[in-house]
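The structure comes first, then the notes.

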Amino acid sequence: MSTRITNNVMATRLLADLRTTYGRMARTQDEISSGKRIGSPSDDPLGAAQARLRRSDLDGIDRHREGAQTAASWLDASETAMSRLNDILQRARELTLQGANGSLSGTDRQRIAAEVDQLAESAKDVVSIKVGDTYIFSGTDTTTSPYATGTGDAYQGGAGQVLRDIGPGVSIQLNAQVPVKPSGTLPLTGRAILGDGAGTDGRVLDTLRTLAAHLRGTTPGDAAALGTTDLQALDRNLGTVIDARSVIGATQNRIEAATTRLDDLEATGKTVLSDIEDTDLAKALSDLSMQQTAYEAALRSGAQIIQPSLLDFLR
């Protein structure tokens, strides 16, 4: 028994086929214009899930890069401060040698002592610098200046380690451990370099205050100390600053390596994400051409198959 296919049935099937073909064309056109193969999760559920994971990875890389940039700024400022502190100590050494000259008058030594006092104040200013809103030589007390007006030489900051994440599973200590005689190693803070005003720690402020006192003193012991213990103390402080700069440089090298690794991870992640969701333009253009050809052929064949009937003219 044969099934009779009417014009209405044929027209319905043709329209359904045309809609399907036109829908494919529209989607391909969207892929070409947007550059994205996945416009919504329904286009490719697995691909959309993979794309979300890759975007999450890239967001993590961005966060780690921000940490690396913060660390780089911190260490650049630390290096600048240590360079200035080195200059201060070198000037203090020059003044010590001048003061040790037995031909100088008491007035000359008083003048040199006044300059040494200013060098001590300058040293405190040097380590009281900030990166953004953060004091970099105050340990974990980053909102507190290491030295403040009205508190003398007393250190006001903390002693903890300041850590930053600079990569997946990689963290770095910004105030890296520096060798400080005779205390072993300490985080790089104002206390580690300048001291805490105790007057017996042998660090920069203690050394400069003692030097100024010897310059103002009038005893043979004061004069003898200028060319011996004072110079030795300054040389120890200079050695500590040099060691600190070496540690800072090594830490900067780690950050540069981490930044390069992050760049590589980002490039790889973006390539993978592009492979997942971006349009293959050559393939899409080829598909669109074939879909247009199929659509036009369907229109032509439909026009030939579905001929107007007498009833169509009578309506």
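The axes of α2 and helix α3 (residues 106-126) come within 10 Å and cross at roughly 170°, where axes are lines fitted to C-alpha atoms, for helices over the stretch in contact, and angles run from 0 to 180 degrees between N-to-C directions. α2 is therefore roughly antiparallel to α3 (angles over 145 degrees). The model is predicted: local features need pLDDT of at least 70, side-chain atom pairs count only at pLDDT 80 or more, and totals for chains, interfaces and linings use all residues. Residues are numbered from 1 along each chain as its sequence is written, and side-chain values use heavy atoms, without hydrogens and water.

**α2 with α3**
- The crossing of α2 and α3 is left-handed (the near helix is turned anticlockwise from the far one by less than a right angle).
- Residues in the contact (heavy atoms within 4.5 Å) include R84, L85 and I88 of α2 and I112, E115 and L119 of α3.
- The residues of this contact divide into 10 nonpolar, 3 polar and 4 charged; Ala, Val, Leu, Ile, Met, Phe, Trp, Tyr, Cys and Pro count as nonpolar, Asp, Glu, Lys and Arg as charged, and the others, Gly among them, as polar.

**α2 with α7**
- Helix α2 (residues 45-99) and helix α7 (residues 229-277) have axes that come within 8 Å and cross at roughly 165°.
- α2 and α7 are therefore roughly antiparallel to each other, and their crossing is left-handed.
- Their contact residues divide into 24 nonpolar, 13 polar and 14 charged.

**Whole protein**
- The protein has 9 helices and 6 strands, which are DSSP runs (helices H or I, at least four residues; strands E, at least two) numbered from the N terminus.
- Of its 315 residues, 36% count as buried (under 20% relative accessible area, 1.4 Å probe, protein chains only).

Conventions. Parallel < 35°, antiparallel > 145°, perpendicular 65-115°, else oblique. Buried < 20%, exposed > 50% of the residue type's maximum accessible area, 1.4 Å probe, protein only.
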